[in-house]
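Please read it alongside the structure below.

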Amino acid sequence: MVQNHHCEDHETVGENKEKRPKFFINDHVDILIEILKRLDGRSLCVAASVCRLWCTIARNDSLWENLCFRHVSPPSSSVRSVVLALGGYKRLYTGCVRPVRSRLGRMRKASWSRDEVQLSLSLFCVDYYERLGGSNSSGRLVGESSPSSLMFLCKPVNI
Amino acid sequence: MVLYDSATLGGSCSGSSSSSSSSKPPPLQQRQQTQQDIDGFLAGAGYRVRSSELRKVAQRLERLETAMVNSPADLSQLASDTIHYNPSDLASWVDSLLSELTQPPTCPSEFIMDPVSNQTVVSDAWTTAEPHMPQVHQNISYEQQSLNNQLTVVPAMEEDSGIRLVHMLMTCAECVQRGDFSLATSCLEDMQGLLTRVNTVCGIGKVAGHFIDALSRRIFQGIGGGSVNGGSAYENELLYHHFYEACPYLKFAHFTANQAILEAFDGHDCVHVVDFNLMHGLQWPALIQALALRPGGPPLLRLTGIGPPSPDGRDSLREIGLRLAELARSVNVRFAFRGVAASRLEDVKPWMLQVNPKESVAVNSIMQLHRLLGSDPNRNSPIETVLSWIRSLNPKIMTVVEQEANHNQPGFLDRFTEALHYYSTMFDSLEACTVQPNKALAEIYIQREIANVVSCEGSARVERHEPLSKWRTRLSGAGFRPLHLGSNAYKQASMLLTLFSAEGYSVEENDGCLTLGWHSRPLIAASAWQAVSDGTADFPA
């Protein structure tokens, strides 16, 4: 049935090329957002490199919030205020959630447990605290190194 | 000729033989039929091996490799005595080497290590090889150098050097305990010589190096420990921070203590945490965040941080307090901070903490209580003083994390032995960390502990670690009863360890306490306690 439709289009396109407007996704930002909402982290980062509009949308923290808590029952609103205060969902995802989930082997599984959420949030909080130290004080406390409490998450897993 | 168990080599042999068989392309085979099936590829490298014998030669090469790695003594003989008449004839060369190697060799290490030892050291096995002996003696020093240059031999050599180092360390420690400092000094010199032949970048060489330093500090600089304990507060904090980053021990301590405190504060609206060693306050962000998200909303949190006074007028305690306050403000937790500067924990008096009778108190001690165990006959035992005023505060919970080691024995040799085992294990676990400069500075942190345990005495020795069993007795005797750390703490600790890429860490539950160790040797133990109310408490429960 689809093929017939295409055949028809093919016949009509040649005749009515100027009359049929092409569908351009950037004109339909709401659809674009719906699509981007369903992507995984890596694809979302890739999508952010497509064009300025996509970059702006992908930077929207609510997309990343969706990514973090996609398969979990929506957490209380207090979580959102805490996460936003500590640096936002995108940072939470890239810095903590993704490495924690991959290390714990849960990338394939849909949901993740409350304990993992807690642990990610705690690690995220320590990271925020260290970032505070680097920017606020003269930096003497943390030394010249950038905040590194999450560095252990960045190391490749020893198989 | 001794026949090695070919079954053990079977697996690897089949691999090698299959690879060698696949290296025989059919066209070459036709060309070489006139040359008695000499393998074409090996011929290109200069070796003449019959294709039909490839599998056998591969097997023999593997046996030869095993033999070479396992008995370095024979290698010295091979280096000097074996004459190869036809190196390109790989098969017969390997066979001749194997037959020489399978002469029964024994006591390899001592023979090589003591070039000037007399011949009575040599075991009977060598007497069967009489004609070789004089040559081997003469060539020993040459071979030792050549052995040291051959990288392939280093592992086996090093094991022997490592074991010898450990024996010498024990001998030296025993001399120190006996007071025989002249013998101890000569031991030290020998060990320093031995160190040059051992890999000091990792393994036993590195740990031995630190212990040798500590011993020489004890012998030559006395037990006052001036330079060991003289680090500035800033230095100590920096080293502590890098130790925190490099390995999970402190993270485990913080997360476990936080979980216990969180559970104890459930339902309380006014809470006060007393931290016996604030450092950079890395423990508290996670607690603040957890309190912010707890069902029912966050309580009013007061934190009292105890730390050493900062020398240069900088109020480091206050700076940490400000940082924590800013974090608490961001997550909407009402927070108040108070810093208490004290160089020793026993100088702190309970009135300095300003505990409000209506609030729930948690006392948090991460590796601080052991510092109070030095007993001075002129004063009251500091640990009893501190424990009694803790008890008078009637805390809802006291979290205690201590090193799981027995470094407070009166006998020096026992302490030394125990410390050698403990810190070797800890350094092993540190090998897994690859992040610099964390690792190097973490090692300096541990090195300072070693120096304190080994080279200091009396009031200078503050690293008086005691195992969990002793702490249990002590705390129960002081009027505390244990609180079991729940399964949540265990789950969190296990998850935290899974995040670390090293595979050797293990969390164990020990009668309500959690211990973190490396390959089943526990290195740090976390426990929780509550004051037993007996009606004489100063504050109502």
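Axes are lines fitted to C-alpha atoms, for helices over the stretch in contact, and angles run from 0 to 180 degrees between N-to-C directions. Helices are DSSP runs (H or I, at least four residues), as are strands (E, at least two), numbered from the N terminus. The model is predicted: local features need pLDDT of at least 70 and side-chain atom pairs pLDDT 80 or more, while totals for chains, interfaces and linings use all residues. Residues are numbered from 1 along each chain as its sequence is written, chains are lettered from A in the order in which they are written, and side-chain values use heavy atoms, without hydrogens and water.

**Helix pair in chain B**
- Helix α12 (residues 204–221) of chain B and helix α18 (residues 412–431) of chain B have axes that come within 9 Å and cross at roughly 145°.
- Contacts (heavy atoms within 4.5 Å) involve K206(B), F211(B) and R218(B), among others, in α12(B), and residues including F412(B), Y423(B) and E431(B) in α18(B).

**Annotated segment in chain A**
- The unreviewed UniProt entry places "domain: F-box" at residues 29–67 of chain A; such annotations may be inferred rather than shown by experiment.
- Residues 29–67 of chain A are 77% helix and 0% strand, with end C-alpha atoms 19 Å apart.

**Single residues**
- G95(A), in helix α7 (residues 89–103) of chain A, has a C-alpha 9.1 Å from that of L123(A), 28 residues away in sequence.
- N452(B) lies in helix α19 (residues 438–455) of chain B, and its side chain reaches the backbone nitrogen of V462(B) at 3.0 Å.

How values were computed. A polar contact is a pair of N or O atoms within 3.5 Å; within protein, one must be able to donate a hydrogen and the other to accept it, and residues adjacent in sequence count only if both atoms are side-chain atoms.
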